[in-house]
Amino acid sequence: RMIMKKSKTIGVLVPDITNPFFSTLVRGIEGVLYRENFVTMLCNADLDMEKETNYLAELSRRGVDGYIIASSAISNQAINQTLRKKNLPFIVLDQKKAEGFSDAVLTDDFAGGDLAGKHLYELGHRKVAVVLPEDATENIQNRLQGFKAIYSNPILIHSELSKEGGRQAVKRIVASEATAIFAINDELAFGIYLGLAEVGKTIPNDYSVIGYDNVDMCEYMTPQLTTVAQPIYELGQTTAERLLERIHHPKKDWEETTLPVQIKKRFSTAHLK
Ligand code: RIB
């Protein structure tokens with residue numbers, strides 16, 4: 001039997017390292033891997049398919065022991081070619097859709113969208129805008145579906161998933177009839193804060209704003225941001241643990257774990273006046 005040489009390295013692919021969601025996620029991953037004497041090799045894909053494919057190939061050339069894929073640009077074909085065919089252990093999460101043929105860790109995005117909708121509805125808002133990227137990944141689409149369980153026909157405003165994307169969405173928000181805004185992640189919400197301030201609107205007097213993720217910054221904003229909390233750190237830990245289990249038991253059945261989300265009611269949402 002051939003003895004495989006182990007690199008004790010795990011490759012982690014994320015879409016956007018400037019977003020604190022991903023730094024907290026990676027911190028959770030890295031904590032578990034470090035404890036188990038693995039090194040974390042971080043690859044920032046920038047939503048760029050070529051970059052992501054190159055990273056995947058390069059990681060495989062370096063003989064990493066496993067892959068954690070949170071970015072979505074990579075095609076299933078590349079995953080099949082580079083990982084499945086060679087039986088390399090990998091796990092997907094967040095923006096990378098779970099296809100049922102690998103381990104995956106999810107959070108309950110549908111429930112999260114539903115919670116955001118219920119909260120705004122209870123506050124009396126009837127015209128709401130959702131700010132999200134145009135070709136949203138599966139997890140974000142699920143968030144929107146959950147929201148639509150409450151508001152069947154929200155005003156959809158498409159913008160890039162970033163602070164600047166949020167800022168740029170504001171023109172279209174103020175031109176709409178919306179009184180409340182569901183930013184599909186906190187980064188967008190932060191940009192919306194700046195954009196609204198620039199046109200002299202205040203939160204929550206003129207607009208209620210709810211975000212998604214619960215990154216640390218939410219509590220440092222004025223007003224503190226109401227948001228749907230993903231267990232980001234735990235999500236990273238769980239993912240790393242599952243991957244290590246896969247490395248130790250390559251033949252076990254695929255496992256899909258869904259972690260719960262919860263709403264954090266703060267001061268950016270208020271009753272419609
Ligand atoms: O903030 C980053 C967003 O993209 C999060 O909501 C996360 O779930 C990812 O999909």
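**Ring contacts and parallel strands in a predicted model**

In this predicted model, Arg-126 lies over the face of Tyr-121, at 3.6 Å from the ring centre.

Q: What makes the position of Arg-126 count as lying over the face of Tyr-121?
A: The distance from the ring centre is 3.6 Å, and the rule asks for CZ of Arg within 6 Å of the ring centre and within 35 degrees of the ring normal. The charged end of Arg-143 likewise sits over a ring, that of Tyr-212, at 3.9 Å from its centre.

Q: Why is the pair of Phe-147 and Tyr-151 called stacked?
A: Five aromatic pairs are counted in the model. For Phe-147 and Tyr-151 the ring centres are 5.2 Å apart and the planes stand at 25°; pairing requires centres within 6.5 Å and stacking requires planes under 30 degrees apart, so this pair is stacked.

Q: What makes β3 and β4 paired strands?
A: Strand β3 (residues 66-69) is joined to β4 by three bridges, where at least two are needed for pairing, and the two strands run parallel. Together with helix α3 (residues 76-84), β3 and β4 make a right-handed β-α-β unit.

Q: Which strand pairs with β4 in the parallel sense over three bridges, besides β3?
A: That strand is β5 (residues 103-107), in which Val-105 is the bridge partner of Leu-93. Within β4 (residues 90-93), Phe-90 and Val-92 point one way while Ile-91 and Leu-93 point the other, and all are buried.

Definitions and conventions. Residues are numbered from 1 along each chain as its sequence is written. This is a predicted model: local features need pLDDT of at least 70, side-chain atom pairs count only at pLDDT 80 or more; totals for chains, interfaces and linings use all residues. Side-chain values use heavy atoms; hydrogens and water are left out. Rings of Phe, Tyr and Trp (its six-membered ring) pair if their centres lie within 6.5 Å; planes under 30 degrees apart count as stacked, over 60 as edge-to-face and the rest as tilted. Buried means under 20% relative accessible area, exposed over 50%, partly exposed in between (1.4 Å probe, protein chains only). Helices (H or I, at least four residues) and strands (E, at least two) are DSSP runs, numbered from the N terminus. A crossover is right-handed if, with the strands pointing away from the viewer, the path from the first strand over the helix to the second runs clockwise.
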